[in-house]
Amino acid sequence: MLGAGKFRFSIFYKILTTMLLVAMIPLVAIWYINYQTAEKHLTQNVQQRLGGISDKLTAVVNDWVSANHKALLQNGALPEMASMNARIHNPVLRTVLNEYAWSYLVFTIRPDGMNVGRSDGKEPIDYSDRIYFKQVMDGAPLGKQVVISKTTGKPSLILSAPIHGPNRNLAGVIAMGTSLTDISETITKAGIGTTGYAFLLDQDGKVVAHQKQEYTATMADLSKHPAFLGRSNDPARVVIFDEDGRKVIAHAQKTKQGWTLVAQQDHDEAFRALSEANRNAMILLAITLVIVSYVAYLLAQRLSKPIRNLTLIADEISRGQLDIKIQEVNRRDEIGALAAAIERMGVSIRMSLQKLRARA
């Protein structure tokens with residue numbers, strides 16, 4: 001026997017522990033494998049869903065800009081545009097303005113940056129410091145710049161294209177001021193659950209379209225947004241980050257213009273199905289553990305009790321109590337065989353003692 005105060009890891013606890021381990025290890029392994037598999041599949045589904053929304057909105061932006069660019073190229077290629085004469089330009093520019101409802105101003109610029117023709121008939125302006133003008137003059141087929149329009153007071157996109165002279169020389173620039181209202185509504189109305197939304201940033205991280213109107217109205221600087229950072233390395237990527245204490249998953253994709261289209265959603269909502277499935281699995285696992293523990297306890301008791309009884313009987317026999325009735329001899333297993341052996345041992349000891357008494 002162990003000394004007082006020391007725990008004795010008896011055969012009951014050994015049997016109980018062994019049975020629990022044998023039963024629970026496979027269950028836990030199956031739960032873990034299922035959880036990892038479900039997490040992998042759901043992650044792929046969430047990324048594909050956000051990527052699909054991002055792809056669709058990116059295509060809308062690309063098509064919208066391409067349509068306007070094509071209009072500028074077509075009108076810039078007209079023979080009368082090469083004249084760089086305001087009187088000739090203005091009727092063409094007004095026609096373009098009327099053709100595209102989202103445009104509010106169409107104008108032409110000389111190579112020195114001075115305004116030539118205008119669809120609104122206002123006085124010429126010096127545009128030599130405008131980015132979209134410099135881009136075309138530097139050889140770009142398309143110039144673009146998101147600005148707060150002085151005409152409308154709202155964020156707008158200025159697109160520009162070259163005007164070529166008779167010898168294909170660069171005679172000037174044709175530009176169009178477009179309202180971002182329609183494209184913004186298309187992006188901001190994209191439904192992504194209850195917490196998700198999409199937004200568009202220009203090449204500098206300034207807001208082009210956003211669900212928060214104050215961001216759009218002021219062209220807020222989101223160049224530090226995790227979905228915008230590192231955009232030059234991958235045309236499309238998935239980012240997981242913390243925002244206002246919430247975990248967010250986002251899909252960021254670059255447009256043909258170098259802008260960044262972001263579709264994001266709260267991580268908890270996106271992976272709610274996994275959380276619910278895991279919670280249900282944990283409840284089932286806990287219930288199973290209780291049932292297995294109860295069954296293991298009963299079996300351990302059933303297996304260990306006869307052994308304890310035989311141990312006590314053997315101890316009594318060693319003290320001289322030879323007339324003890326052993327119930328376990330009726331069992332047809334190893335415990336029954338052990339009980340029979342102890343019974344035979346008791347008989348043998350009793351007979352030996354009788355012989356010794358007879359001799360004495």
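The following exercises, with worked solutions, concern a predicted model.

**Exercise 1.** Determine how the span of helix α1 stands against the span expected at 1.5 Å a residue.

*Solution.* Step 1: Helix α1 covers residues 11–76, which is 66 residues. Step 2: From its first C-alpha to its last, α1 reaches 95 Å. Step 3: The expected value is 98 Å, and the span of α1 is close to it.

**Exercise 2.** Classify the aromatic pair formed by W31 and Y35, and state whether each residue is buried, partly exposed or exposed.

*Solution.* Step 3: Both residues belong to helix α1, where four residues, about one turn, separate W31 from Y35. Step 4: W31 counts as partly exposed because its relative accessibility is 24%; Y35, at 24%, also counts as partly exposed. Step 5: Ring pairs link W31 and Y35 with Y32 into a cluster.

**Exercise 3.** Classify the aromatic pair of F107 and Y132, and explain which parts it ties together.

*Solution.* Step 1: The ring centres of F107 and Y132 are 6.3 Å apart, with 75° between the planes. Step 2: An angle over 60 degrees counts as edge-to-face, so the pair is edge-to-face. Step 3: F107 lies in strand β1 (residues 103–109) and Y132 in helix α3 (residues 131–137), so the pair ties together parts 25 residues apart in sequence. Step 4: F107 and Y132 are both buried.

Key: Residues numbered from 1 in each chain as written. Predicted model: local features only at pLDDT ≥ 70, side-chain atom pairs only at ≥ 80, totals over all residues. Heavy atoms only, no water. Helix = DSSP H or I, 4+ residues; strand = E, 2+ residues; numbered from the N terminus. Expected span 1.5 Å × (residues − 1). Buried < 20%, exposed > 50% of the residue type's maximum accessible area, 1.4 Å probe, protein only. Phe/Tyr/Trp six-rings, centres within 6.5 Å; stacked < 30°, edge-to-face > 60°.
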